[in-house]
Amino acid sequence: MTDEKDGTCQFYVCDCFTTDNIFVKDYKLHVSFVSEKQFRSDYEATLRRLGCVTEQQYEDVLTKILQEVDRRRHLRETSAKRAAAIKYEYQPLHPHVYHLQESYLTPKFKQIVEYCRSRNPSEEGLRGLVEEEAARVYRFPVFEKSLCEKLLEELENFEKSSAPKGRPNTMNQYGILLDEMGFDKDFITPLREHYLRPLTSLLYPDCGGNCLDSHKAFIVKYDLNEDLDLSYHYDNAEVTLNVSLGKDFSEGNLYFGDMRQVPLGMTECSEVEHRVTEGLLHRGQHMHGALPISSGQRWNLIIWMRASQERNKLCPMCNRKPTLVEGDGFADGFTART
């Protein structure tokens, strides 16, 4: 289905968004919520084993889940209101960083992209230009340090402003949704279409890397007084790019296990260091997490890249054929095409 006004594709979310993969941070547990009766039946015993032993603790968990379900049900309207308010109220500190320029990209990254665009590129040839840090997890420099610094100044300026702010998800309570700030059209979309897709087409053709057509981009922030780490999880994406923007921090490495279908007990994890200006590219369904930082602050740009051709067959979050609910922008990357 296309929008007759501008010819763009209509994107959707799966209706599981309001019921599945709700993260209970205090107990590091992902849950589904359809009703209070179902939730108690499915999770009361598990929560008790994790330390939720009193009725008050259980009620606290239930309250947070109901708030999250309500947030998700109204996300389309509240996000649109926030984006409109930001556009009206917020004065950018560095307007130029909202528009991707080739000068923002490192020479090495441009060399990698040029190779991928060449007449006969191969996955083997590309592997010679990037570092493989874990199984099919690739590292390469993305942005010049000067851009990272300007981006951080812009993001910190936004955080200090009175403009409304939405947070990325239940796992990241401190961060920024870049589409609401206005980064999608002229920064993230051209980065995905013109620079990242040539790489993903070679590296991940088996999971939609050659047909990525949407994304969700956001900033995550780790601080000693805020989010310290990130629990083991997989992304709502076919391919993910994670770029370290700064600032000064110690520890907080990523760790990668196996694909989500492999039980944790059968998994060996590989630890991967964050380096400012560099990106880590990996499959969205590759289980991973972030260890605690021990000092400073770390800001990362996360781009969940999606391929409707893949996810239209099977929703990666509920493992069912998606039941489509109309969304705004890129929504969750589903389309009505079969």
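Which residues does Gln297 touch, not counting residues up to four places away in sequence? The first legend gives the answer. The structure is a predicted model, in which local features need pLDDT of at least 70, side-chain atom pairs count only at pLDDT 80 or more, and totals for chains, interfaces and linings use all residues. Residues are numbered from 1 along each chain as its sequence is written, and side-chain values use heavy atoms, with hydrogens and water left out.

Figure 1. Gln297 touches Glu156, Lys221, Tyr222, Asp223, Gly246, Lys247, Asp248 and Phe249, residues up to four places away in sequence not being counted; contact means heavy atoms within 4.5 Å. Gln297 counts as buried because its relative accessibility is 18%; the buried class lies under 20% relative accessible area, the exposed class over 50%, and partly exposed in between (1.4 Å probe, protein chains only). Its side chain makes a polar contact of 2.9 Å with the side chain of Trp299. A polar contact is a pair of N or O atoms within 3.5 Å; within protein, one must be able to donate a hydrogen and the other to accept it, and residues adjacent in sequence count only if both atoms are side-chain atoms.

**Figure 2. Strand β7 and its pairing with β6 and β15.** Of the 10 residues of β7 (residues 214-223), 9 are buried. Strand β6 (residues 175-177) pairs with β7 in the antiparallel sense over 3 bridges, and β7 pairs with β15, also in the antiparallel sense, over 10 bridges. Two strands pair if DSSP finds at least two bridges between them. Phe218 of β7 is the bridge partner of Leu177, and in β15 the bridge partner of Phe218 is Ile302.

**Figure 3. Crossing of helices α4 and α8.** The axes of α4 (residues 107-117) and α8 (residues 184-203) come within 9 Å and cross at roughly 65 degrees. Axes are lines fitted to C-alpha atoms, for helices over the stretch in contact, and angles run from 0 to 180 degrees between N-to-C directions. The crossing is left-handed, a term used if the near helix is turned anticlockwise from the far one by less than a right angle. From α4, Phe109, Ile112, Val113, Cys116 and Arg117 meet Leu191, His194, Tyr195, Leu196, Pro198, Leu199 and Leu202 of α8. The residues of this contact divide into 10 nonpolar, 1 polar and 1 charged; Ala, Val, Leu, Ile, Met, Phe, Trp, Tyr, Cys and Pro count as nonpolar, Asp, Glu, Lys and Arg as charged, and the others, Gly among them, as polar.

**Figure 4. Pro190 in helix α8.** Pro190 is buried, with a relative accessible area of 17%. Pro190 and Leu100 are 90 residues apart in sequence, yet 7.3 Å apart in space, C-alpha to C-alpha.

**Figure 5. Backbone geometry at Lys247, Lys28 and Thr277.** Most residues other than glycine have a negative phi, and most peptide bonds are trans. A cis peptide bond, with omega about 5 degrees, joins Gly246 and Lys247. Lys28 has a positive phi of about 50 degrees and is exposed, at 51% relative accessible area. Thr277, whose phi is positive at about 85 degrees, is buried at 14% relative accessibility.

Note on methods
Helices (H or I, at least four residues) and strands (E, at least two) are DSSP runs, numbered from the N terminus.
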